[in-house]
Amino acid sequence: MTIERTLSIVKPDAVSKNQIGEIIHRFERAGLKVVAAKMLRLSKERAEAFYDIHKNRPFFNDLVNFMLTGPVLVQVLEGDNAIAKNREIMGATNPKDAAPGTIRADLAESIEANAVHGSDSPENAKVEINFFFTPAEIYSRA
Ligand code: CMP
């Protein structure tokens, strides 16, 4: 068992479609626990800082602007192999490539409006969790 934590974001498209519960249910059904959560609206500066690793990609401005279109739900998921498990449940970045039964195949519309974000490595999980949460806001149930 490798208990990990990962950052998950329910993006503005899924929040506006009232799919928060549907998405969290999929994480919980797979054995992941929500150990921290909050809803917020990103500022342009915060969205740019969060996606800093993509700042030289052609889609950067569109991505940032999309993340400003409405509130998001940020959460920390904890569980065995949480980083890979979350990515498996989300499916491929582009919903067209996502396996049937994954969040993005079932709920997402496009590579931009793709319902969820999840950390892609232990290093990034640590950075992304610290970006949104203080240690006191995380309620480990490992
Ligand atoms: P996310 O997991 O939040 O990480 C970066 C995001 O950029 C990604 O999901 C997509 O929503 C978005 N994006 C938009 N266009 C592209 C693209 N061509 N390749 C990868 N990611 C893209």
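This is a predicted model: local features need pLDDT of at least 70, side-chain atom pairs count only at pLDDT 80 or more; totals for chains, interfaces and linings use all residues.
Two rings of Phe, Tyr or Trp (for Trp, the six-membered ring) are taken as a pair if their centres lie within 6.5 Å, with planes under 30 degrees apart counted as stacked, over 60 as edge-to-face and the rest as tilted. Residues are numbered from 1 along each chain as its sequence is written, and side-chain values use heavy atoms, with hydrogens and water left out.

By the ring rule, the count comes to four aromatic pairs. The ring centres of Phe 50 and Phe 131 are 5.5 Å apart and their planes stand at 65 degrees, so this pair is edge-to-face. Helices (H or I, at least four residues) and strands (E, at least two) are DSSP runs, numbered from the N terminus. Because Phe 50 lies in helix 3 and Phe 131 in helix 7, their pair ties together parts that are 81 residues apart in sequence. Burial is judged by relative accessible area, with buried meaning under 20%, exposed over 50% and partly exposed in between (1.4 Å probe, protein chains only). Phe 50 is buried at 9%, whereas Phe 131 is partly exposed at 21%. Phe 131 also forms an edge-to-face pair with Phe 132, at 4.9 Å centre to centre and 75 degrees between the planes. Phe 132 is buried, with a relative accessible area of 6%. Ring pairs link Phe 50, Tyr 51, Phe 131 and Phe 132 into a cluster.

Phe 132 leads on to the nonpolar packing. A nonpolar core is a set of buried Ala, Val, Leu, Ile, Met, Phe, Trp, Tyr and Cys residues joined through side-chain atoms within 4.5 Å. The largest such core has 21 residues, and those with the most contacts inside it are Leu 7, Ile 9, Met 67, Val 76, Phe 132, Phe 133 and Ile 138. Two or more core residues come from each of strand 1 (3-10), strand 2 (33-40), helix 3 (44-50), helix 4 (60-67), strand 3 (72-80) and helix 7 (122-132). Helix 4 gives the largest share, five residues. Beyond its neighbours within four places in sequence, Met 67 is in contact (heavy atoms within 4.5 Å) with Ile 9, Lys 11, Pro 12, Leu 42, Tyr 51 and Val 72. A second, separate core of 18 residues includes Ala 82, Ile 103, Leu 107 and Ala 108.

With a residue counted as near when one of its heavy atoms lies within 4 Å, the surroundings are Lys 11, Tyr 51, His 54, Phe 59, Leu 63, Thr 93, Arg 104, Ile 111, Glu 112, Asn 114 and His 117. Three of these residues can be described through polar contacts (pairs of N or O atoms within 3.5 Å; within protein, one must be able to donate a hydrogen and the other to accept it, and residues adjacent in sequence count only if both atoms are side-chain atoms). A polar side-chain atom of Lys 11 lies 2.7 Å from a ligand oxygen atom. For Asn 114, an N or O atom of the side chain is 3.2 Å from an oxygen atom of the ligand, and for Arg 104 a polar side-chain atom lies 3.5 Å from one.

Finally, the backbone at Ala 115 deserves a look. Phi of Ala 115 is near 75 degrees, a positive value in a residue other than glycine. Ala 115 lies in the loop between helix 6 (103-107) and strand 4 (116-118), and is buried, with a relative accessible area of 0%.
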